[in-house]
Amino acid sequence: MNKREYLNQLSLLLNDLEENNKNELLRDFEQHFDQGIMMGRSEEEIAETLGDVRLLAEELKLTVDQPSIKEETIKPIPNGTINRIKVSGLSADINVRRSNDENINYDFYDTNSNANIHNYYVNENVHGDELVLEVIQKEKRLFNFDFGRLVLDVYVPSLIEGSYHSFSGNIEVHQIDCQNLECKSASGDVEIVDGAGNLKASSSSGDIDVSGSNFNRVYLSSVSGDVEFECKLADEIIAKSKSGNVEIECSLVKRCDLDSISGDCQFKGKVSAIQAASKSGNIEVDCGITDMLNLSSISGDIDVFVRDITGISGDCKTVSGDVNLKLRDGYHYNHKHLSYKDESCKMNCRTVSGDITIKD
């Protein structure tokens, strides 16, 4: 059965539905056919996967709410005593925005194939002061393959703590100011814009990109993606990636810990204590008012630009590389130990085969 034959039969079987609902469903499944054809499937293969058209029609009738299946897409949840929200998106992208009122609102849709949305639903539960939203795949699916891109838009008031998890979707959080925020995706990207508070963001293979004003404790982790972070103030930043690059820019942070196995580590800003390690990547630090520098790499280079530091004392060690000191008068380098001015900053730079450059 080809596309036109399948949709004609479906149209006849849905004749007892309200006209708007019927037309909406037919458009959804026509789009589903078109999307499948674009991905290389034949019309007959798509029709076979959808299954018996009579069974599909009966299933659709059970899921349709009269008089319109899409009369209101955004669902409001009154916020009386909810102080925390937990969202599990399954494979959906999660977009979090600030609500225009004191209620929590959400919208669940598909950006590619509207028919795909009929295989899923959003389950709501309230546990004490916590709201849980969970995207769930129906046990009885209309078809066994997905051409779509599920999206869950969540609108929350300010100060609501949030935990947002997606298996393969991306997570985007914009202008959310709360004490604790957690974002986790297995293979998607995590993007946080204008954030604040305590932050934990992680992804296995996706990138992490964070910007904001004032953060307390920040933990960022990716297995193979890049990690980028930019803010004005922070108490502590821990950023790690196994094979991706780690780039941090912060006007003022008390402590910063960077770690990458094969990627580069970069830091720019003012910091009290910084530690960075990479096995094969380079380390670049452009910092001021530092009390402690601890930088190590096996085969990568280490470049340090010290600004507003009144002195340095510590070791600069490399086995097969070179040590390049581009400091003004007043430093001594003897037996791999550097002394500069009042020696206020305690430093330890070491690499096996890379070069070390320190300049002011």
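Okay, let's start with Asp-194, which sits in strand β11, residues 190–203. Strands here are DSSP runs of E with at least two residues, helices are runs of H or I with at least four residues, and both are numbered from the N terminus. Asp-194 has a positive phi of about 60 degrees although it is not a glycine. With a relative accessible area of 42%, Asp-194 is partly exposed. On that scale, buried means under 20% relative accessible area, exposed means over 50%, and partly exposed is in between, with a 1.4 Å probe and protein chains only.

Quick word on what you're looking at. This is a predicted model, where local features need pLDDT of at least 70 and side-chain atom pairs count only at pLDDT 80 or more, while totals for chains, interfaces and linings use all residues. Residues are numbered from 1 along each chain as its sequence is written, and side-chain values use heavy atoms, with hydrogens and water left out.

You'll find Ile-289 in the loop between β16 (283–288) and β17 (292–297). It's partly exposed, because its relative accessibility is 39%.

Ile-289 brings us to the surface. Together with Leu-233 and Leu-252, Ile-289 forms a nonpolar patch there, with about 230 Å² of accessible area together. That area comes from the Shrake-Rupley method with a 1.4 Å probe, and for residues only the protein chains shown count as cover. To get into a patch, a residue needs over 30% relative accessible area and no salt bridge; nonpolar side chains (Val, Leu, Ile, Met, Phe, Trp, Tyr) are joined within 5 Å, and like charges within 9 Å. Leu-252 belongs to strand β14, and at 37% relative accessibility Leu-252 is partly exposed.

Now the charged side of things. Which residues gather in a patch of negative charge on the surface? They are Asp-189, Glu-191, Asp-207, Asp-209, Glu-228, Glu-230, Glu-247, Glu-249, Glu-284 and Asp-303. The elements giving two or more residues to that negative patch are β13 (227–241) and β14 (246–260). For the bookkeeping, Asp and Glu count as negative, Lys and Arg as positive, and His and the chain ends aren't counted. Each charge is placed at NZ of Lys, CZ of Arg, CG of Asp or CD of Glu.

Next, salt bridges. The rule is a side-chain nitrogen of Lys or Arg within 4 Å of a carboxyl oxygen of Asp or Glu, and by that rule the count comes to 15. I'll walk you through some of them.

One joins the side chains of Lys-3 and Glu-30, at 3.8 Å from N to O. Lys-3 is in helix α1 (residues 3–13) and Glu-30 is in helix α2 (residues 19–38), so this pair ties together parts 27 residues apart in sequence. Lys-3 is buried at 12% relative accessibility, and Glu-30 is partly exposed at 29%. There's a network here too: salt bridges link Lys-3, Arg-4, Glu-30 and Asp-34.

Then there's Arg-84 with Glu-161, whose side chains meet in a salt bridge of 3.7 Å, N to O. Arg-84 lies in strand β2 (residues 84–88) and Glu-161 in strand β8, so the pair ties together parts 77 residues apart in sequence. Arg-84 is partly exposed at 25% relative accessibility, while Glu-161 is buried, with a relative accessible area of 18%.

And Lys-254 forms a salt bridge with Asp-235, with 3.8 Å between the closest N and O atoms. This pair links distant parts of the chain, Lys-254 in strand β14 and Asp-235 in strand β13, 19 residues apart. Lys-254 is exposed at 53% relative accessibility, and Asp-235 is partly exposed at 35%.

Last stop, a couple of serines. Is Ser-163 buried or exposed? It's buried, because its relative accessible area is 3%. Ser-163 is in strand β8 (residues 161–166), and a 3.5 Å polar contact joins its side chain to that of Glu-182. A polar contact is a pair of N or O atoms within 3.5 Å; within protein, one must be able to donate a hydrogen and the other to accept it, and residues adjacent in sequence count only if both atoms are side-chain atoms. Ser-339 is in strand β22 (residues 337–341), and its side chain makes a polar contact with the side chain of Glu-343 at 3.4 Å.
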